[in-house]
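Hi everyone, and thanks for making time today. I'd like to walk you through a structure that may be new to you, so let me put it up on the screen.

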Amino acid sequence: MRLSINKNRAMSTSNLSKNGSSKPNASSPATKRIVTFAAKAAVATTTVTVSYAAYYYATVVLLAGSALEVNGESLDVMNEMTDKKAVKEEENLSLNKRYYKTDEHYGFEYLGLDTYYGLTSINDDKNTVNSASAVEIVSKAMSAAGLDYETETFINFSNDETGEEEGKGKFMTITPKHHHRSTFSACPSYGCPFLPLDVHYEEKAKKELMNMRNLSEGGSSEEEDSNKSGDQSGLILNSSGSDNAATLTLIGYKGGRLQDQVNQDRAFVLTPYFYRNIGNSKSWEKENKQHIARLLGVFDGHAKFGEKVSEYVVRTLPPLLGSKLVNEIATQAKSDDSGASAVEARDRDIVKILHDTFVELDASAPAHRSGGCTASVVLQLDSKVYVANAGDSRSFIAVHFNSPAVNDADGSEQETVTEIIFATREDVSVNNKPHLGEEQQRVEKMGGSVYLPPGFLTTGKGTTRVMYRDPMSGGMSGLAMSRSIGDWEAGKVGVIPDPLVDILDLKRLKSKVLEKLNSTCSTSDTVEIDPATGEAKEIPNDVDCINYTEKDIRVFAFSATDGLLDYLPEDIIAQHVAKGLYGVSGEDDDETSVGSLHLLSSCEDLIYAAAQGWQDDKGGRYRDDIAIAVADLSVPDYE
């Protein structure tokens, strides 16, 4: 289905005045845009220039100095993985659950773990992370990465007497200095992160996105000469994406004055992720093998100061995680074991590293007032991918390839195939919604309660919430998830940061895909028996089979907040992302050539399509913040 996107018309459908009221504006020009996916885009709009939320080098709020115990997560070393068969046969769905799941398309199997260790150690002081110890850990990690903890993370909250934040709108909506990817000297030791620009309210980014699209469609742009000459060093979009990775956002509208709107969504992509540079580690120099590492994720803030928590996580997660990975490398270097047990031990260590990172971010986040965020993170280490998730943002792993035409002579075109192999688990099925058995059990054992909307048990409609007392208002509030970073008050009644972690092996994934693709076509001649003579007769097979190789199978990841996922099917998202990554036909199209869709344009399309969903549903009264992060997960031949 080919549907048009008219974003200028969409942006004027319900023009909002400064007091938040709606009045029509029929004078805005309309510009048709055509894309292929099952949604047409338009945005319920605002008229002032508010942009994407402040990022990496802008100031962010940190925490109170008091040492608060948070959630009581155990940091004990993970239990040894049991025999695979025994894991599958476990009937006790404990809070320490391990599970194997199989992809429905190719029979690819992957391991998942719930890193929450249960309720037994809640009151065990030695297993409790407090904010003081977590701050010390994070500070050391940032220092090892060449970042100053106080400079990068501190700003005064507000007037402590009134609780009102000074300059709230200006703090998070006016574009800060946004470092370009080309300015590597200004980046941390672990690399330059791609950070999302607002597709509509960041004027320079909006203009560059329009120029990019016009050039891809064979038109002209105001910067055509610069782009054609290859001089793109001045483009602000360089700080948000490239041909193989990208991240973009759109600020929402939650009612009230436009100048008070705050984008609480955050995202980043690090490709490559030079975590081995942290602390000038030399432990890996003895290895002859080259390595690849990537890191991407999205973080959806909520409650009054949720943007401060999500901002803090974006700044501190890469150096904190990287410093732990460096230490893991040093431990590996001391071991002579390189067999299957070593691989299993490394997976176990990486899972624990991700768990500890989430817990320490939770304990050190600026959540003493009110605020928290989701965290959905994809970490690639060579051919292994680890996906960690807390909250209702989600991450996906997909494969993309071209299927051969049935008969080239008849002019039929190649069909591109894009399929999601893995998705962090849906809220309605497992673990991040408070009404689910294990989650509700934990909340109630910790003295909390779960709100179920009327008729929910029969219809499944509505949002379940963990009820807690908000420290800002003093009243009862409900959190629509049972795992998150921050949310300290909700943490007292069972909301935890401990992530669900899944492990995927990209080599095994490609092997499974190839096994199916290459088994569906046979080049062998057919043998028929003549019933009259009984003689065997060979009939040549005229099917022209293609032998797929690993290079034909592309794998990519994308993470998104619920602002995008609530209104777009994930398979449509995957297909349009693949179009931006691999070209219309799935081949390595030149992204500057006519007819190719740049990855940033692909992400822009999806954001506008989701915004149209909010517009249609809410009539311009409300739109959630939207963020997406995307990266190709190619594994080099030397891996």
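**A walk through the model**

Let's start at Leu 379. Setting aside neighbours within four places in sequence, Leu 379 is in contact with Tyr 273, Arg 294, Leu 295, Leu 321, Leu 325, Ile 350, Leu 354, Lys 384, Val 385 and Tyr 386. Please keep in mind that this is a predicted model.

Where does Leu 379 belong? Together with Tyr 273, Leu 379 has the most contacts inside the largest nonpolar core, which counts 49 residues. Helix 8, residues 306-333, gives this core its largest share, 10 residues. Apart from that core lies another one, of 40 residues, and among them are Ala 246, Leu 248, Ile 573 and Leu 600.

Now to helix 13, residues 506-519. Its 14 residues reach 20 Å from the first C-alpha to the last, close to the 20 Å expected at 1.5 Å a residue. Which of its residues are buried? They are Leu 506, Leu 509, Lys 510, Val 513, Leu 514 and Leu 517. What covers them includes strand 10 (375-381), strand 11 (384-390) and strand 18 (500-505), along with strands 12, 13 and 21.

An open sheet is formed by six of them, in the order 5-6-22-21-12-13, with mixed pairing. Why is one side of strand 5 and of strand 13 left without a neighbour in the sheet? Both stand at the edges and each has a single partner strand, so one side of each has no neighbour there. Strand 5 runs parallel to strand 6, residues 245-250, and two bridges join them. Asp 198 has Thr 249 in strand 6 as its bridge partner.

Last stop: a hairpin. Strand 3 (residues 98-102) and strand 4 (residues 109-114) run antiparallel and are joined by five bridges. Opposite Tyr 99 you'll find Gly 112 in strand 4. Six residues lie between the two strands of this hairpin, where Gly 107 takes a positive phi near 75°.

That's the tour, and I'm happy to go back to any part of it.

Notes. Residues are numbered from 1 along each chain as its sequence is written. This is a predicted model: local features need pLDDT of at least 70, side-chain atom pairs count only at pLDDT 80 or more; totals for chains, interfaces and linings use all residues. Side-chain values use heavy atoms; hydrogens and water are left out. Helices (H or I, at least four residues) and strands (E, at least two) are DSSP runs, numbered from the N terminus. The expected span of a helix is 1.5 Å times one less than its number of residues. Buried means under 20% relative accessible area, exposed over 50%, partly exposed in between (1.4 Å probe, protein chains only). Contact means heavy atoms within 4.5 Å. A nonpolar core is a set of buried Ala, Val, Leu, Ile, Met, Phe, Trp, Tyr and Cys residues joined through side-chain atoms within 4.5 Å. Two strands pair if DSSP finds at least two bridges between them.
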